[in-house]
Amino acid sequence: SPSDPDLVERARAAKERLGDKVFVLGHHYQRDEVIQFADVTGDSFKLARDAAARPEAEYIVFCGVHFMAESADILTTDAQAVVLPDLAAGCSMADMATAEQVAECWDVLTEAGVADQVVPVSYMNSSADIKAFTGRHGGTICTSSNAKRALEWAFEQGEKILFLPDQHLGRNTAVRDMGMSLTDCVVYNPHKPNGGLTAEQLRDAKMILWRGHCSVHGRFSVESVEDVRARIPGVNVLVHPECKHEVVAAADYVGSTEYIIKALEAAPRGSKWAIGTELNLVRRLANRFADEDKEIVFLDKTVCFCSTMNRIDLPHLVWTLESLADGKLVNRIEVDSETEKYAKLALERMLALP
Ligand code: 13P
Ligand code: SF4
């Protein structure tokens, strides 16, 4: 939908008043009305790097979700303030692993006698507490664009991986990219005693997958892939690795949001694509490539926007920028220094991956 011209003008004016003091980051899932004000857009890996590369900006306005703003705070200097335009922009997947649950899981692994062989690998989509746990136990963070390298690195450090919190990204990377079998993976359910696993299962497993998932990507189905293939002959199916394993197996290509954009940029004229990721991005790509004669459709019409990504809208961005321009620091995201120390260790291991 077209943005309110009055709000567009107010955002522009406030941003101009702030000048170099502000740097606006926009995740690819953000609304068009917000993306137009981003100084840089990217997937979660690119945005983490870009935030760290701006030490002169006093304010980093993060148009994305809470865990991304936390990561930006960890990677920026203490003098910089990271701001999330709506504090309710969380992530249901990140909420599926709490510090208490993960500490309990570590006790279960210790009890089973496997903890000393386990290296934690945590998806970027996790709280700073989980990242700190990961750093403390010698592990690394990964994103959907470097999960394979993170797993390779972790298997050089130990024999088993505890993958948090997205079981699908963990399983897809292990099976699709690393040649493991489905039986090498077990799922740890934090709501069951001992994660629902026996000590023997934990000893046999190579990948211990946390029982978390993305509520948006988890809704794409094999039927949606079959339907689109029947409807659009010759269609290329391209999905995000947060989709279920059977959906990824049925697709032609799999990758992060940045990968999806690059694939469509490189796609030949006349090609047809069905994309399984968040709707704001798919719509933007469909519009962008319409005049290049690339047909781009959303993989499943029943899947909707990521509701928390969508919380960042133009009114929240205007309020944020105007407050900052008036010298009022609002919605700051600040990770405490003890958590930051270990979370940073894990994030830096990711940034140093080959
Ligand atoms: P990427 O941008 O790294 O592909 O991650 C997708 C996502 O779900 C972010 O919340
Ligand atoms: Fe979280 Fe999924 Fe939304 Fe990404 S798309 S922010 S993983 S709920």
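Reply: In this predicted model, the unreviewed UniProt entry places the feature "binding site" at Cys 91, Cys 214 and Cys 306. These three positions span 216 residues in sequence, yet no two of their C-alpha atoms are more than 9.4 Å apart, so they gather at one spot.

Two of these positions may be followed in turn. Cys 91 belongs to the loop that runs between strand S4 (81–83) and helix H5 (99–111). Leaving aside residues up to four places away in sequence, Cys 91 touches Val 65, His 66, Phe 67, Asn 125 and Thr 308.

Cys 306 is likewise found in a loop, here the one between strand S13 (295–298) and helix H14 (314–325). With 24 other C-beta atoms within 10 Å, Cys 306 is buried by the cut-off of 20 or more. Its contacts, again not counting residues up to four places away in sequence, are Tyr 29, Val 216 and Glu 278.

The setting of the site is the chain as a whole. Its secondary structure comes to 15 helices and 13 strands. The radius of gyration is 21 Å, close to the 20 Å that the globule rule gives for 354 residues, so the chain is as compact as a globular protein of that length. Along the principal axes, the C-alpha atoms fill a box of roughly 65 × 55 × 35 Å. Buried residues account for 49% of the 354 residues. Of the contacts between residues at least 6 apart in sequence, 69% join residues at least 24 apart.

One further element, helix H15, illustrates how parts of the chain pack together. Helix H15 covers residues 337–351, and its 15 residues reach 20 Å from the first C-alpha to the last, close to the 21 Å expected at 1.5 Å a residue. The buried residues of H15 are Thr 339, Glu 340, Ala 343, Ala 346, Leu 347, Arg 349 and Met 350. They pack against helix H4 (66–75), strand S5 (118–123), helix H6 (128–136), strand S6 (140–142) and helix H7 (147–157). His 66, one of the residues that Cys 91 touches, falls within the range given for helix H4 (66–75).

Conventions
Residues are numbered from 1 along each chain as its sequence is written. Chains are lettered from A and ligands numbered from 1 in the order in which they are written. This is a predicted model: local features need pLDDT of at least 70, side-chain atom pairs count only at pLDDT 80 or more; totals for chains, interfaces and linings use all residues. Helices (H or I, at least four residues) and strands (E, at least two) are DSSP runs, numbered from the N terminus. The radius of gyration is taken over C-alpha atoms; the globule rule is 2.2 Å times the number of residues to the power 0.38. A residue is buried if 20 or more other C-beta atoms lie within 10 Å of its own, exposed if 12 or fewer, and partly exposed in between; C-beta atoms are placed from the backbone. Two residues are in contact if their C-beta atoms, placed from the backbone, lie within 7 Å. The expected span of a helix is 1.5 Å times one less than its number of residues. UniProt positions are given in the numbering used here, feature names are shortened, and annotations may be inferred rather than shown by experiment.
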